[in-house]
Structure formats: structure tokens, C-alpha cells
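Hi,

Here is the structure I said I would pass on. Have a look first, and my notes follow below.

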Amino acid sequence: PRLTGRKFYSTGSRYADWLEYSAVDDAGDLVIAALPTDSPGVALLDDWTGFGQRATASGTTVLDGAPVDPDDVAPWQTQHLGTPGWQQMILLAVLVGIGEGARAAASDLIDQIDRAHGGSPILVLEGYGRISALVASARASLGEIGRLSEIAHRAIIAGDADAEALADNAVNAVFQAQATIVPQVIEATDKLMTLPALLADGSEAVAEAQNLRSSLRLDRFWRNAQTLSTHNPVLHRLRAIADR
């Protein structure tokens with residue numbers, strides 16, 4: 001068999017040794033096909049020009065009659081149960097990590113303000129409280145979907161009769177968590193960037209706010225969260241939840 005097609009936004013493929021795709025065979029059936037990245041007919045383009053991800057190899061993959069070993073083709077139904085949820089959970093774990101980084105940066109920011117002014121304005125403290133609460137909620141959601149995914153994984157390994165139902169429940173929980181974790185982390189990172197602006201009014205305070213934002217590079221958390229959250233848009237997950 002041979003693979004022909006074009007895939008835009010192939011994050012990480014240029015760093016990989018193997019590629020795996022869903023494909024349609026000659027009989028019209030959906031299959032899973034894998035092939036080495038150095039196979040003839042495989043072109044990995046470094047053409048990503050979108051927001052962020054400069055080093056993530058997110059360019060286009062072109063498959064032009066690339067040969068596939070029949071042993072590396074499997075029916076779609078044989079894919080591991082729960083795979084969509086586990087893959088998405090990895091992205092959510094990274095996103096929560098970004099939120100934790102934003103919370104730590106907010107704490108460092110308050111320490112700097114305290115040293116400079118003998119205390120932080122109440123609005124700054126309230127902002128930190130909001131960031132901390134958002135990140136704590138996101139972390140709790142991640143822990144819960146991790147628990148459900150582990151239950152499903154153990155059932156699959158054991159061959160339990162309810163393994164498929166448990167895996168489906170875990171995937172649905174992950175999709176639901178994505179719909180909450182993404183906006184929580186984005187809000188937390190956005191609020192982090194506004195904290196310096198909550199200092200007292202005046203030209204000196206404005207200059208100080210700008211210096212704090214620059215020295216702590218507060219914008220990086222928001223940019224990273226925004227970039228990561230677009231990998232699998234929440235809108236698609238909401239539709240998947242409704243379809244279940």
C-alpha cells in the first residue's frame with residue numbers, strides 16, 4: 001500500500017522517526033498506517049509561519065505515494081481505547097504547568113513590589129488571589145481526569161468487560177476538563193500581565209509597571225497558553241461532548 005495526502009500543522013513530525021496516520025484503504029475502510037520519516041515520497045516542510053511554536057516543527061507533511069509495509073497497517077478499530085483522551089491530557093498537563101508558572105511569577109512580582117513599596121496594593125493582592133484560585137481549580141480538574149484515565153487504563157490491561165465504557169467515560173471527562181482548564185489558564189496568564197498596571201497612578205508608576213513586565217517577561221505565559229490551547233480547539237471538544 002501507498003499513502004498519498006497532505007497534512008498541515010504536523011507538530012513534531014520533523015523530529016520523529018516514525019509517522020502514524022489515519023487513512024482510507026482501497027476497500028474504503030478506515031485504517032491506521034505507520035511509516036518511517038525517511039521513506040520515499042515523504043516530505044516534511046519547515047513552512048510554519050503561525051503564532052508561536054518556532055521550534056516545534058509544526059510545518060506541513062506531504063505524502064506522495066509513500067510506501068507502507070502491510071505489517072504497519074491496522075484496522076481503525078484496533079486503536080487503543082482512550083487514546084484521544086490520553087493525548088489531550090498531556091496537553092492539558094502542560095497547560096496547567098504554564099498556569100503554575102504564572103502563579104509563581106505573580107508571587108515573585110508581589111515580592112518585588114513589597115520590597116519597593118513596603119507592601120502591595122490591595123488590587124494586586126486580589127489579582128494574585130484570583131490567579132492562584134484559577135490555577136488550583138485547573139490542577140484539581142487535571143488530577144480528576146488523571147484518576148479516571150488510570151482506572152480505564154487498568155481495566156483495559158486487565159481485559160475487564162467494562163473497559164470500553166470506562167475508557168469512553170475518561171475521554172469524555174478529559175474533553176469536559178479541556179473546556180474549563182483552557183479558559184482558566186488563559187485568564188490566569190492574562191491577569192498576570194495586568195498586575196503591574198494595578199500599582200498607584202502616576203508616570204513613575206507607569207514606568208515601574210513597564211519595567212516589571214519586561215524584567216519578569218510576564219507575557220510569555222500568556223503567549224504559551226494561547227499557542228498550546230489552539231492545538232485542539234475547545235469548540236471541537238464541546239461538539240464531541242454533545243455527540244456523546
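The protein chain has a radius of gyration of 23 Å, whereas a compact globule of 244 residues would have one near 18 Å (taken over C-alpha atoms; the globule rule is 2.2 Å times the number of residues to the power 0.38). Its C-alpha trace spans about 70 × 45 × 25 Å along the principal axes. Of the 244 residues, 38% count as buried (under 20% relative accessible area, 1.4 Å probe, protein chains only).

Before you read on: this is a predicted model, where local features need pLDDT of at least 70 and side-chain atom pairs count only at pLDDT 80 or more, while totals for chains, interfaces and linings use all residues. Residues are numbered from 1 along each chain as its sequence is written, and side-chain values use heavy atoms, leaving out hydrogens and water.

The chain holds 6 helices and 6 strands (DSSP runs numbered from the N terminus: H or I, at least four residues, for helices; E, at least two, for strands). Along the sequence the pattern is β-β-β-β-β-β-α-α-α-α-α-α.

Now the sheet: 3 strands make an open, antiparallel one in the order β2-β3-β6 (strands pair if DSSP finds at least two bridges between them). β2 (18–24) and β6 (73–75) each have a single partner strand, so one side of each is left without a neighbour in the sheet. Between β2 and β3 (residues 30–36) there are 7 bridges, and Val-24 sits opposite Leu-30 in β3.

Finally, Trp-76 lies in the loop between β6 and α1 (83–117).

Cheers

Key
Buried means under 20% relative accessible area, exposed over 50%, partly exposed in between (1.4 Å probe, protein chains only).
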